[in-house]
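Trainee: Before we discuss the labels used for this model, could you show me the sequence and the structure?
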Amino acid sequence: MKRSSGILFPISSLPSPYGIGTFGKAAYEFADFLKAAGQKYWQVLPLGPTSYGDSPYQSFSTNAGNPYFIDLDMLIEDGLLTKEDVKKEKWGTNPRYVDYGQIYISRFKVLEKAKERGYKSLINEIGAFVDDNPWVENYALFMALKKHFNMISWQEWPEEDIRLHDKDAVLKYKMELSDDMEFYIFIQYLFFKQWDKLKKYINDLGIEIIGDLPIYVALDSCDVWAEPQFFSLDDKNYPVEVAGVPPDYFSADGQLWGNPCYNWDAMKKDGYRWWLRRIEGAVKLYDVLRIDHFRGFDEYWAVPAGESTARNGQWKPGPGMDLVGLLSSTFPKTEFIAEDLGQPSPTVVKLLNDSKWPGMKVLEFAFDSGEANNYQPHTYDKNCICYTGTHDNATVMEWYQTAKKADRKYAKEYLGISRFEKFNWGMIRGGMSSVAVLFVAQMQDYLGLGKFNRINVPGTKSGNWQWRLLKNELSDGLAEKILQLVHMYER
């Protein structure tokens with residue numbers, strides 16, 4: 001990775017007439033904006049289909065794509081939909097925020113119509129897609145079964161044989177639910193066709209995609225249902241231990257994520273082939289992979305299933321360099337980023353150093369106390385990625401508006417921000433000028449947006465993943481201003 005910069009901006013945050021960002025016109029225009037601004041990377045959030053809570057970090061599949069991102073105007077151009085098909089549906093009333101409830105009702109209606117019009121004529125292309133993506137049939141069956149059982153978690157399916165992924169039950173339901181399976185396969189065909197076209201356009205501009213890879217997978221996913229042997233489940237496929245992080249200064253109860261922990265012994269015995277397949281799928285989507293919660297590869301906080309908080313967990317050893325080294329050697333052309341935020345233990349630091357993967361630095365963390373810490377730019381070495389903030393942080397201006405007076409004063413002094421420079425631009429300048437090999441800012445930070453414009457507030461269950469860019473918020477002047485900083489700091 002060469003010295004460069006990029007922008008963190010979820011696909012869902014793109015403007016569109018259909019309530020959520022898609023792979024359509026606005027995505028291509030944003031790629032052009034990145035090019036004009038001298039950016040080399042576009043960082044996105046996970047692209048998988050979302051479940052309850054709408055979090056991209058809780059997906060029904062590690063391989064499948066989110067149906068919401070399929071652009072409907074492109075389907076109209078392809079003759080799979082008419083303008084009337086999409087105009088008569090409701091997509092939400094506020095262009096700044098996604099209305100997931102409304103989109104869930106409308107999106108699948110129009111995709112069903114697209115399938116009715118185009119499936120037979122595209123059967124050969126769809127067959128080739130299935131051959132190239134063997135995971136898709138299992139995903140399609142899983143989703144067809146969820147629909148059959150009114151979208152409840154597979155852990156609650158009333159029929160024990162299919163809940164336990166019995167081979168005879170799988171064959172039975174493949175026959176009974178073949179029409180619904182075709183629909184879910186068709187959706188994935190459309191998703192990857194549009195994404196591949198967009199990604200090629202982005203790459204041809206000299207821009208690469210950074211994708212986020214959650215270390216854990218959702219319990220209610222086809223991954224856990226179909227291959228329970230690789231997870232910490234009992235003989236009835238119910239969780240034994242679930243993931244989280246222990247109590248700390250910020251949370252007396254810790255964080256109870258609820259994802260099933262891995263059965264690392266079983267994965268090692270199998271040569272970590274589950275992980276190799278997962279990364280193989282991810283590199284089809286992204287150019288660079290950011291591994292979320294990298295610490296879990298060194299040690300992980302395992303909480304007994306059924307606990308209401310993360311208090312009663314314990315640290316257990318992860319796979320370490322056995323897996324990290326295997327990923328590096330198996331995918332030598334893929335750049336990895338380690339999300340190592342928090343207070344890493346000496347063994348985590350050693351694993352990061354041994355991996356040679358760049359870790360992360362967040363500027364918002366540099367000034368919280370006014371004391372020296374390793375998030376301050378003067379402490380960086382080159383092999384790190386500097387962020388103003390991640391999708392889990394406030395925007396820079398919200399941070400400034402809510403920070404302690406002493407912290408604001410210290411940040412302005414440290415960054416050399418005068419009364420003639422807006423704070424967000426001073427923070428961006430601080431990151432751009434650092435020695436970090438890559439600097440990434442959220443799009444909201446370039447726009448100087450404050451409260452009510454963040455992507456996610458960790459620990460809350462509603463109101464997240466909704467923020468969107470408004471039409472015409474980007475400008476040639478903004479791109480030129482960013483480009484000037486790129487040139488000044490040789491990024």
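Mentor: What follows takes a few of those labels in turn and sets each against its cut-off; bear in mind that this is a predicted model.

Trainee: What does the side chain of S61 reach, and at what distance?

Mentor: The side chain of S61 reaches the backbone nitrogen of A64 at 3.0 Å, and a polar atom of that side chain also lies 3.0 Å from the backbone nitrogen of N63. The cut-off for a polar contact is 3.5 Å.

Trainee: Turning to helices, what makes the arrangement of α6 and α8 parallel or perpendicular?

Mentor: Helix α6 (residues 135–148) and helix α8 (residues 167–176) pack at an angle of about 75°, with their axes 10 Å apart. Because angles of 65 to 115 degrees count as roughly perpendicular, α6 is described as roughly perpendicular to α8. L141, L145 and H148 of α6 make the contact with V170, Y173 and K174 of α8, and by class these are four nonpolar, one polar and one charged residues.

Trainee: How do you know that α6 is largely enclosed by the rest of the structure?

Mentor: Ten of the 14 residues of α6 are buried, and so the helix is largely enclosed; among the buried ones are W135, Y139, F142 and K146. What covers them includes α5 (123–132), α7 (160–163), α8, α9 (178–204) and α10 (222–226).

Trainee: What span should the 14 residues of α6 have, and what is found?

Mentor: At 1.5 Å a residue they should span 20 Å, and the end C-alpha atoms of α6 are 20 Å apart, which agrees.

Trainee: What makes the phi of M151 worth a remark?

Mentor: Most residues other than glycine have a negative phi, whereas M151, which is not a glycine, has a positive phi of about 65°. M151 lies in the loop between α6 and α7, and with a relative accessible area of 30% M151 is partly exposed, because that class runs between the 20% and 50% cut-offs. H293 is likewise not a glycine and has a positive phi of about 55°, but at 11% relative accessibility H293 counts as buried.

Note on methods:
Residues numbered from 1 in each chain as written. Predicted model: local features only at pLDDT ≥ 70, side-chain atom pairs only at ≥ 80, totals over all residues. Heavy atoms only, no water. Polar contact = N/O pair within 3.5 Å; in protein donor to acceptor, adjacent residues only side chain to side chain. Axes fitted to C-alpha atoms, helices over the stretch in contact; angles between N-to-C directions. Helix = DSSP H or I, 4+ residues; strand = E, 2+ residues; numbered from the N terminus. Parallel < 35°, antiparallel > 145°, perpendicular 65-115°, else oblique. Contact = heavy atoms within 4.5 Å. Nonpolar A, V, L, I, M, F, W, Y, C, P; charged D, E, K, R; others polar. Expected span 1.5 Å × (residues − 1). Buried < 20%, exposed > 50% of the residue type's maximum accessible area, 1.4 Å probe, protein only.
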